[in-house]
Amino acid sequence: MIHFILLFSRQGKLRLQKWYTTLPEKEKKKIVREIVQIVLSRNQKTSSFVDWKDLKLVYKRYASLYFCCAIEDQDNELLTLEVVHRYVELLDRYFGNVCELDIIFNFEKAYFILDEFIIGGEVQDTSKRSAVKAIEDSDMLQETVEEYMNKPAF
């Protein structure tokens, strides 16, 4: 089970966070600071897995963003890397060559894509096609509602 997912820049700026375990806000901030420091201080040639407290951190850097997941000790790290990669593929498919600015300015879509893919810390559906279809359906519904709201009422 995934406990939380963090996306942060090389400068340590948090861009997205999704928590699947309940923790107080103060504790979350402390954890984020600690994990960002741990990941950023590691050499690029070292493993992407870190034992941390009673969890494992699995991270991967794509361009200027680090994608970091905290999983249980007995979970498979390589499958978690695949989950991270699938999420990046979904972001790429939606945004077309996703970059950090896409996530900054469209964070609600990045969260929506994540929620279509992972629910409660478990992968809901591995199919890119079904996740992209759900996202496209949501966009179409939003456009329809906006059109309806912009029509004059007589």
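Leu141 is an exposed residue, with a relative accessible area of 57%. You'll find Leu141 in helix 5, which covers residues 128-150. Together with Val145, Tyr148 and Met149, Leu141 makes a nonpolar surface patch of about 490 Å². Keep in mind as you look around that this is a predicted model.

## The overall picture

Now for a step back to the whole chain. It has five helices and seven strands. Going along the sequence, they come in the pattern β-β-α-β-β-β-α-α-α-β-β-α. If you put a box around the C-alpha atoms along the principal axes, that box would be roughly 65 × 30 × 30 Å.

The chain has 154 residues, and 36% of them count as buried. Its accessible surface comes to about 9600 Å², with carbon and sulfur atoms owning 52% of that. What about links between parts that sit apart in sequence? Looking at contacts with a separation of 6 or more, 48% are between residues 24 or more positions apart.

## Charges, and where they gather

How many positive and negative side chains does the chain have? There are 22 positive and 25 negative ones, and the centres of the two sets lie 6 Å apart.

Some of the positive charge gathers in a surface patch made up of Lys29, Lys30, Arg33 and Lys53. Lys29 is exposed, at a relative accessible area of 53%.

## A lysine tucked away

Is Lys56 buried or exposed? With a relative accessibility of 8%, Lys56 counts as buried, because the cut-off for that is under 20%. Lys56 is part of strand 4, residues 55-62.

Leaving aside residues up to four places away in sequence, Lys56 has quite a list of contacts: Val50, Asp51, Cys69, Ala70, Ile71, Glu72, Asp73, Asp75 and Glu77. One of these, Cys69, is 13 residues from Lys56 along the chain, and the C-alpha atoms of the two are separated by 8.1 Å.

## Salt bridges across the chain

A search of the whole structure turns up seven salt bridges. One of them joins Asp115 and Lys18, where the closest N and O atoms are 3.1 Å apart. This pair links distant parts of the chain, since Asp115 is in helix 4 (residues 107-117) and Lys18 is in strand 2 (residues 14-19), 97 residues apart. Asp115 is partly exposed, with a relative accessible area of 30%, and Lys18 is also partly exposed, at 21%.

Another salt bridge is formed by Asp139 and Lys109, at 2.3 Å from N to O. Asp139 belongs to helix 5 and Lys109 to helix 4, so this bridge ties together parts that are 30 residues apart in sequence. Both of these residues, Asp139 and Lys109, are buried.

## A salt bridge within one helix

Arg86 and Glu89 form a salt bridge too, with their closest N and O atoms 3.1 Å apart. Where do these two sit relative to each other in helix 2? Arg86 and Glu89 are three residues apart in that helix (residues 77-95), so about one helical turn separates them.

Key: Residues numbered from 1 in each chain as written. Predicted model: local features only at pLDDT ≥ 70, side-chain atom pairs only at ≥ 80, totals over all residues. Heavy atoms only, no water. Helix = DSSP H or I, 4+ residues; strand = E, 2+ residues; numbered from the N terminus. Buried < 20%, exposed > 50% of the residue type's maximum accessible area, 1.4 Å probe, protein only. Contact = heavy atoms within 4.5 Å. Areas by Shrake-Rupley, 256 points an atom, 1.4 Å probe, with all protein chains shown as cover. Lys, Arg positive; Asp, Glu negative; His and termini not counted. Charge placed at Lys NZ, Arg CZ, Asp CG, Glu CD. Patch = residues over 30% accessible without salt bridge, like charges linked within 9 Å, V, L, I, M, F, W, Y side chains within 5 Å. Salt bridge = Lys/Arg side-chain N within 4 Å of Asp/Glu carboxyl O.
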